[in-house]
Amino acid sequence: MSVPLIVGTGAWRENGAAGTSRPEPLEVECPADGSIIAKVEMSVASDVDAAVKVAKGAYLEWANLTIKRRATIMMKFHELCDRHSEELVALISKENGKNKTEAQGDLAKGLETVEWAMSMPQIAQGKTLPVSGGVYCQDFREPVGVVTCIVPCNFPFMVPMWTVPIALVSGNAVILKPSEKVPMTMSRVSELLYEAGVPKTIFQMINGGREVVDALCDHKDIAALTFVGSSNVAEIVYKRAINANKKALCLGGAKNHLVAAPDCEVEMASSDIVVSFSGCAGQRCMAAAVLLVVGEQPKLLERVCEKAKGLKKGQDPGCVGPVIDKAAMERIRGHIDRAEKDGAEVLVDGRSWSAEKGYWVGPTVLKFPAEIKSHPAYSEEIFGPVLCVRTVKDFEEALQIENADPHGNAACIYTQNGQTADWFSRNFSAAMIGVNIGVPVPREPFSFGGLEGSRSKFGEHDITGEGAMNFFTKVRKVTTKWTTQPNAAPDLASFAGVM
């Protein structure tokens, strides 16, 4: 049976790029059954150069539109996504493996950032102020130019929407590099962007692997780069991009800690914990990784295990879907195998979910004895539905363990005490804090991003909201004087015509 070939989109691909010599296309698998659902074209460095040349030549015409006009195009795009929501949800579920509810959430959360971009005319305006006699200062935003966004496989729609709409409404030309594992969703979204009115010269998509990423990092005419992926790759991409004099913002992985205080509400906490580490098959940077139980709480652990064991595999609402591919499945299983060998107790074993078809790992709960102070399962991002549990004697020990982790994405405290919640919220070494919420993703207008200086974020700014607007724009300041009259009052801080 023939499958579609997913190629790049935009003017670069339509301007004679078909004759370029490229590697063999990669096969795109459906994680649920391992079937081949598409092939994806693997671009080369010359394709990047072609896309950048197109974007550079067209950028000023787009930038010279008013921000209101660009936002109106994004409103049309939002309407088209709503109209085609069932199709997009089906694509997300097919190529990524999410259950239907999670795929709907991927779309809905992505559209929230589109809505924020639609509001930018009310947010991005500059300031004007009389600062001295007859002297006015004003500032205003301008786009930075050609930008690129490199995105992962775990949220085929939402993560591209973190950056693409805000970059476009800011006036930039955008080159998107999606994961070669999930190219189908954004290929269709590209068509909707063009239908909404975004020129094919201004939004372009290019598929590929390391050669394409290296070329995007190095290209002298790309002004800014964002990346979302693992911490090791994020660091490499960030350093390479800034060495090429680009603005760069690269989000890495996470190792999120949940702390259960003795007064936590067991039913609420246990349900939230299970959703946090099992939802989206654990393939999200906001997933729970480590549960620190303060004191002995057998009832909490019992309910966590009962609820985790009760989850079913599948793609219906409420089920746990597959992981993205065979390599991910084997990596996750390897972590479980090693933890068990090294002395962890496997309270819930998801290895039994392995099937003849597809890539399945079920919810897994590993309880580590007190004598195991460090372990790869504690420190490495597993990126699967695995929860490591450890009992600690008090709040201080819990905080010490969380603070020692080099990541800085998210953390959560389960408690019914406001003072406890406040203490952890102010002392966790993470940027996104939950109080009785194990997946504390900020909702617009609050922006998303890990802690600066941690393994979760390389660069400045958050990647959504005002952080993205600041990243994708530059601010120009103008000081103006028209009057020939001297200052009405002495102003020693003014250098306007005074010596």
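## Burial and overall dimensions

A residue is called buried when its relative accessible area is under 20% and exposed when that area is over 50%. In this predicted model, F368 and Y378 are both buried. Across the protein, 56% of the 499 residues count as buried.

The secondary structure consists of 16 helices and 19 strands. Taken along the principal axes, the C-alpha atoms occupy a box of roughly 80 × 65 × 40 Å. The radius of gyration is 25 Å, which agrees with the value near 23 Å that a compact globule of 499 residues would have.

## Aromatic pairs and clusters

A pair of aromatic rings is described by the distance of the centres and the angle of the planes. The model contains eight aromatic pairs. F368 belongs to the loop between β14 (364–367) and α13, whereas Y378 belongs to helix α13, so the pair ties together parts that are ten residues apart in sequence.

Elsewhere, F395, W423, F424 and F428 make up one aromatic cluster.

## Charges over aromatic rings

Two lysine contacts with ring faces can be described here. The charged end of K98 sits over the ring of F155, at 3.9 Å from the ring centre. K247 lies over the face of F471, and the distance to that ring centre is 5.1 Å.

## The second largest pocket

Rolling a probe the size of a water molecule over the atoms shows where empty space is left. The second largest pocket has a volume of about 280 Å³. Its lining comprises 15 residues, and those nearest the centre are K373, Y378, R390, I401 and A404.

The largest share, four residues, comes from α14. By class, the lining of the second largest pocket is made up of six nonpolar, five polar and four charged residues.

## Enclosed cavities

Four cavities of 30 Å³ or more are present in the structure. The largest cavity has a volume of about 130 Å³. It is lined by 15 residues, of which A288, A289, E381, I382 and F383 are the closest to its centre. The lining of the largest cavity divides into eight nonpolar, three polar and four charged residues.

## Backbone features

The peptide bond between E444 and P445 is cis, with omega at about 15°. P445 is located in the loop between β17 (432–435) and β18 (457–458).

For C280, phi is about 55°; C280 lies in the loop between α10 (266–278) and β12. C280 is buried, because its relative accessible area is 7%.

## Residues close in space and separate in sequence

V259 is part of strand β11 (residues 256–260). Its relative accessibility is 0%, so V259 counts as buried. V259 and V392 are 133 residues apart in sequence, and their C-alpha atoms are 9.6 Å apart in space.

E371 is placed in the loop between β14 and α13, the loop that also holds F368. With a relative accessibility of 63%, E371 counts as exposed, whereas F368 is buried. The C-alpha atoms of E371 and G343 are separated by 9.6 Å, and the two residues are 28 positions apart along the chain.

Note on methods:
Residues numbered from 1 in each chain as written. Predicted model: local features only at pLDDT ≥ 70, side-chain atom pairs only at ≥ 80, totals over all residues. Heavy atoms only, no water. 1 Å grid on protein atoms, 1.4 Å probe; cavity = no way out; pocket = protein on both sides within 12 Å on 5 of 7 lines; lining within 4 Å. Points joined across faces, edges and corners; volume = space filled by probe spheres on them. Helix = DSSP H or I, 4+ residues; strand = E, 2+ residues; numbered from the N terminus. Nonpolar A, V, L, I, M, F, W, Y, C, P; charged D, E, K, R; others polar. Phe/Tyr/Trp six-rings, centres within 6.5 Å; stacked < 30°, edge-to-face > 60°. Buried < 20%, exposed > 50% of the residue type's maximum accessible area, 1.4 Å probe, protein only. Lys NZ or Arg CZ within 6 Å of the ring centre and 35° of its normal. Rg over C-alpha atoms; globule rule 2.2 N^0.38 Å.
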